Amino acid sequence: LDRNSRDMAVFCRVAMAAGLVPVIAPLVSPKGPHDASECASVSERVLVRTFSALREHGVPLTAVVLVANFARWGGECDAIERTEDPAEQTLRVLRNVVPASVPCVLLSDQGLGEEEATLLLNEVNRVADISEGASGRSLYPWTLSFAFGGALQRTPLEAFAAENATFATMKAGAVARVNADAQ
């Protein structure tokens, strides 16, 4: 953990020296029998160490884009143990450890299917919207979005791989996925 955090910090310095915006992804594996609480706990430790290393190496957090994982159960977790709300767990982790100076947090699909990734992101956004409260101000100081490369590309790529693939079928698949993610 320490070495990976240090390496990310060094990467950020090198990227910034080259005029690039560093995108860091200290992700916790979605594999295993863990429940959402355990994933949240490990995610917090990883993020705390990552931001500590960034500070130690003089990386201005205002210039970093964070790709984070959802705090959810592992693929091998028993269904009976899937009681925690991953949207609430994810937002709690981010609120607890991501500094307000970080401008953007992108949530990774980490190989989730299109439908599951979309539903989870929509739930995160719903919980975040509820969290604004009477003041109308969000509890979350950063822009919250998604890095769903696989989940956004799967349908169009499958359409492209089909024997009778046309641009229209690929476009229709991409438009359908984007519309579903926008709801």
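Let's start with the largest nonpolar core, which has 35 residues. By nonpolar core I mean a set of buried Ala, Val, Leu, Ile, Met, Phe, Trp, Tyr and Cys residues joined through side-chain atoms within 4.5 Å. Buried here is under 20% relative accessible area, exposed is over 50%, and partly exposed is in between, with a 1.4 Å probe and protein chains only. Leu66, Leu94 and Val98 have the most contacts inside this core. At least two core residues come from each of α1 (2-17), α2 (36-56), β2 (65-68), α3 (86-97), β3 (104-108) and α4 (114-130). The largest share, six residues, is supplied by α4. These helices (H or I, at least four residues) and strands (E, at least two) are DSSP runs, numbered from the N terminus.

A quick word on the source: this is a predicted model, where local features need pLDDT of at least 70, side-chain atom pairs count only at pLDDT 80 or more, and totals for chains, interfaces and linings use all residues. Residues are numbered from 1 along each chain as its sequence is written, and side-chain values use heavy atoms, with hydrogens and water left out.

pLDDT, the predictor's confidence in each residue from 0 to 100, averages 81 for the protein, and 82% of the residues score at least 70.

Four strands form an open, parallel sheet in the order β1-β2-β3-β4, with β1 (23-24) and β4 as the edge strands, each pairing on one side only. Strands pair if DSSP finds at least two bridges between them. β2 and β3 are joined by four bridges, while β3 and β4 (residues 143-147) share five.

Which residue of β3 stands opposite Leu66? That is Val105, and Val105 in turn stands opposite Leu144 in β4. Further along, Ala68 stands opposite Leu107. As for Leu66, leaving aside residues up to four places away in sequence, its contacts (heavy atoms within 4.5 Å) include Phe51, Val98 and Leu106.

β3 is largely enclosed by the rest of the structure, because five of its five residues are buried. Cys104, Leu106 and Ser108 cover one side, and Val105 and Leu107 lie on the other. In a regular strand, side chains alternate between the two faces of the sheet.

Finally, α3 lies across β2, β3 and β4, at about 145 degrees to β3. Axes are lines fitted to C-alpha atoms, for helices over the stretch in contact, and angles run from 0 to 180 degrees between N-to-C directions.
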